[in-house]
Amino acid sequence: MTLHEAYDRLWNAYGPQGWWPGETTIEIVVGTILTQNTSWKNVERAIENLRDVGLLDSQRLHTIDIDELAEIIRPAGYYRLKARRLKNLLQLVHTQYSGQWQELFSLDTNSLRETLLSVNGIGPETADSIALYAANKPTFVIDAYTARVLKRHGWIDFEAGYVEMQELFHDQLEQNVLLFNEYHALIVRVGKEHCGTQPKCNGCPLQELLPESGVQTA
DNA sequence: GACCAGGCACATC
DNA sequence: GATGTGCATGGT
């Protein structure tokens, strides 16, 4: 079994997932922070609120009062925390990169990653999400679903951490932005439908790729 | 009413 | 280094 085979099965079963298509840079960046440990549905409400008041704009977000911002993104949950995290990132871009996201994104993948990780409130997944979906860098995003699917199917050691899981994809696949984008979204899809808190592997497109030992429980 | 959702930082041992 | 806890809304 290879990650290529698994990708083909998922693609054949589900097709394109359309994550973050045709949206602006700031909208994608805001989404990566708002979706931390939060359902996308709630994030959409918060983003619509921002759109309604014309705040999907880096400069305006940078200058708006933090408590006002918090109230506007309230539906996304952890709203005061996330307002602070957004402000931290905007502070970086507007003081170090002239408010120009493309200037920040012109860094090589590793430097961009390290720079993003230096911001309080941005961890590995958020940094990689921004790098992949906003900056179009070929870096694979590992999230809770990805970890669950990899471990449930015995593709990686149960104790593996973020970096190990990411290396698995980086080592076995061509470094392609669109592939990484689609693959991650497909894994989230199969994770939601079949690898939730209770294993439901009947009908799972990856069922025949399960290890002989059977399904491990998280 | 419990449990979950596309994490992360910080405290404590 | 591992483990626990706060952050918060909305859906099932």
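Helices (H or I, at least four residues) and strands (E, at least two) are DSSP runs, numbered from the N terminus. Keep in mind that this is a predicted model, where local features need pLDDT of at least 70, side-chain atom pairs count only at pLDDT 80 or more, and totals for chains, interfaces and linings use all residues. Residues are numbered from 1 along each chain as its sequence is written, while chains are lettered from A and ligands numbered from 1 in the order in which they are written.

Around DNA strand B sit 24 residues, and Gln36, Gly123, Glu125, Thr126 and Ala144 come nearest. Helices H9 (124–134), H10 (144–152) and H12 (177–194) each give two or more residues to this surface. Its make-up is 13 polar, eight nonpolar and three charged residues (Ala, Val, Leu, Ile, Met, Phe, Trp, Tyr, Cys and Pro count as nonpolar, Asp, Glu, Lys and Arg as charged, and the others, Gly among them, as polar).

Now for DNA strand C, whose surroundings include Asn37, Lys41, Arg74 and Tyr79. Two or more residues come from each of H3 (40–52) and H6 (79–96), with H6 giving the largest share, three residues.

Finally, chain A itself is divided into domain 1 (3–17 + 141–209) and domain 2 (25–134), with bounds from an automatic or database domain assignment. Their contact (C-beta atoms, placed from the backbone, within 7 Å) takes seven residues from domain 1 and six from domain 2.

How values were computed: Near = placed C-beta within 6 Å. Contact = placed C-beta atoms within 7 Å.
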